[in-house]
Structures are given as structure tokens and as C-alpha cells.
Amino acid sequence: MIYVTGDLHGDIERFSTPAMRKLKKGDTLLVCGDFGFIWNGGKSEEKIIKKLGEKKYNICFVDGTHENFRILNKYEVSEWNGGKVHHLGGNLYHLMRGQVFEIEGKKIFAMGGGESPDLEIRISNNTWFKEESPNQQELIEGAENIDANDNKVDIIITHEPSAKIKDFIQLKNAERTRLTLLNTYFEELGNSCEYSKWYFGSLHLDKHISTTQIAVFNNVLEVESGKNILSL
């Protein structure tokens with residue numbers, strides 16, 4: 001089975017929750033950005049990465065705005081299930097931007113990246129990296145890969161939502177973050193691509209916006225149905 005959850009922010013305890021303990025050998029967990037375990041490159045972090053790679057199920061994450069891209073991009077690029085990945089070891093993979101993967105017969109489009117809303121308190125190349133925002137080549141490659149699949153995938157996994165969805169969610173919020181080029185890109189992608197479910201994590205919500213658009217944070221959802229694993 002394929003499952004999806006939201007930002008982990010380097011919290012290893014998330015893997016001990018009742019929902020996570022239900023994952024079985026051969027399952028795949030998709031993480032919608034802000035994985036957070038690639039941060040300082042220390043020995044304790046390396047041990048955690050090794051431990052996660054030893055899980056009986058696959059852990060596959062798109063990047064968000066809380067990753068150390070200098071460390072992440074040092075991993076060798078390889079191919080896994082039809083798309084490019086950074087293989088961190090064992091069953092742990094970073095799904096690179098704009099790739100289409102086939103997992104359990106499902107085509108999954110992955111596009112990480114975002115723009116930190118708290119740039120004023122971040123330190124360049126320490127707690128903030130310019131690589132958090134997809135570059136033009138990555139955006140073009142994503143569009144080309146969607147086109148190569150006849151503009152049809154089963155699942156879309158991103159950190160950020162489309163412009164329309166982000167604006168809709170923020171209507172009731174006192175603090176609003178600005179729409180970015182990436183949000184606009186996703187808006188165009190959503191209008192041109194056929195899909196069943198789109199999961200995103202950056203807004204830290206567990207909410208079904210519509211039958212296709214799903215914000216995920218703490219929940220662990222079965223991707224095909226969008227239902228919480230604890231209520232399946």
C-alpha cells in the first residue's frame with residue numbers, strides 16, 4: 001500500500017505513532033516536504049538516517065524549506081521506479097523535483113521546493129538555502145515529464161499547494177503568506193494535468209479541501225482513498 005503524511009521536521013517520534021506502526025513490509029510512505037532529518041550532518045543525524053533506511057517500508061520524501069540542500073545534493077543521483085532520486089541508503093529516498101514514479105501501478109508526480117515565509121530570521125547557507133526554490137530547469141523538466149505521460153498521473157505529491165488552493169485556505173487566516181512563482185506553476189499544472197489526488201504539506205493542516213486536493217500534516221493517509229490509516 002502507498003501512504004502519505006506531512007512535514008516531519010526531523011521528529012523521529014513521528015515514526016512511533018500508532019498510524020506509522022501499521023505500515024508493513026513493502027509499503028511506501030510519501031512525505032510532503034520538510035523531511036528535516038538532513039540538517040547538520042552530525043554523527044547522531046547519520047545514525048538516524050541509517051535507522052530510517054532500515055525500516056521495512058520505503059520512505060520517500062519531496063524536499064521542503066527545512067532541508068540542508070548542501071548535504072542533500074551530495075548524495076549520488078540514481079533512478080528508482082522510473083524517476084530520479086537521491087538514495088540515502090536502504091529504503092530511504094529523496095524524490096527529486098519534477099519526476100514521475102510508478103509505485104504499485106500508480107503514477108506519482110513529485111515536485112518539492114517552496115519559499116520560506118520567515119526569511120528574515122534565517123541565515124544563508126546555515127538555516128536557509130537558495131536551493132529551496134525550484135530552478136527553471138527543474139520546472140521545465142517537471143512539465144516535460146507530465147507531457148511525456150500524456151498529461152495524466154494518479155497522484156501529485158508536493159510541499160506547496162497551487163495558487164488558488166493556497167489563497168482559498170488563507171482566506172480565514174489573519175497572517176497570510178504571499179503567493180509565489182511555484183504556487184502559480186502548480187496552478188497551471190493542475191489545469192493541464194489529469195489526476196486523482198493531490199497532497200501537499202506546507203500549510204501544516206490535515207484537511208480535505210476538495211475530493212482531489214488534500215492538505216496533510218500529522219495524519220497518515222492511504223493515497224488512493226485519502227482516508228486516515230487509523231480509520232481504514
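This is a predicted model: local features need pLDDT of at least 70, side-chain atom pairs count only at pLDDT 80 or more; totals for chains, interfaces and linings use all residues.
View 1. Cysteine 32 is buried, with a relative accessible area of 0% (buried means under 20%, exposed over 50% and partly exposed in between, using a 1.4 Å probe and protein chains only). Cysteine 60 is buried too, at 1%. The structure holds zero disulfides (a disulfide being a pair of cysteine sulfur atoms within 2.5 Å).

Residues are numbered from 1 along each chain as its sequence is written, and side-chain values use heavy atoms, leaving out hydrogens and water.

**View 2. The largest nonpolar core.** This core has 22 residues (a nonpolar core is a set of buried Ala, Val, Leu, Ile, Met, Phe, Trp, Tyr and Cys residues joined through side-chain atoms within 4.5 Å). Among the elements that each supply at least two of its residues are strand S2 (28-32), helix H2 (43-53) and strand S3 (58-62) (helices, H or I, of at least four residues and strands, E, of at least two are DSSP runs, numbered from the N terminus). Phe15, Leu29 and Ile59 are among the residues with the most contacts inside the core. A second, separate core of 21 residues includes Val4, Cys32, Ile108 and Tyr199.

**View 3. Isoleucine 59 and its neighbours.** Leaving aside residues up to four places away in sequence, isoleucine 59 touches Phe15, Leu29, Val31, Phe35, Leu52, Asn91, Leu92 and Tyr93 (contact means heavy atoms within 4.5 Å).

**View 4. Strand S9 and the strands it pairs with.** Ile155 and Ile157 point one way from strand S9 (residues 155-158), Ile156 and Thr158 point the other way, and all are buried. S9 pairs in the parallel sense with strand S8 (residues 106-111) over four bridges (two strands pair if DSSP finds at least two bridges between them). Isoleucine 108 has isoleucine 155 as its bridge partner in S9. Four bridges also join S9 to strand S10 (residues 197-200), again running parallel, and here threonine 158 stands opposite phenylalanine 200.

**View 5. An open sheet of seven strands.** The order is S4-S5-S6-S3-S2-S1-S13, with mixed pairing. Strands S4 (77-80) and S13 (221-222) stand at the edges with a single partner strand each, so one side of each has no neighbour in the sheet.
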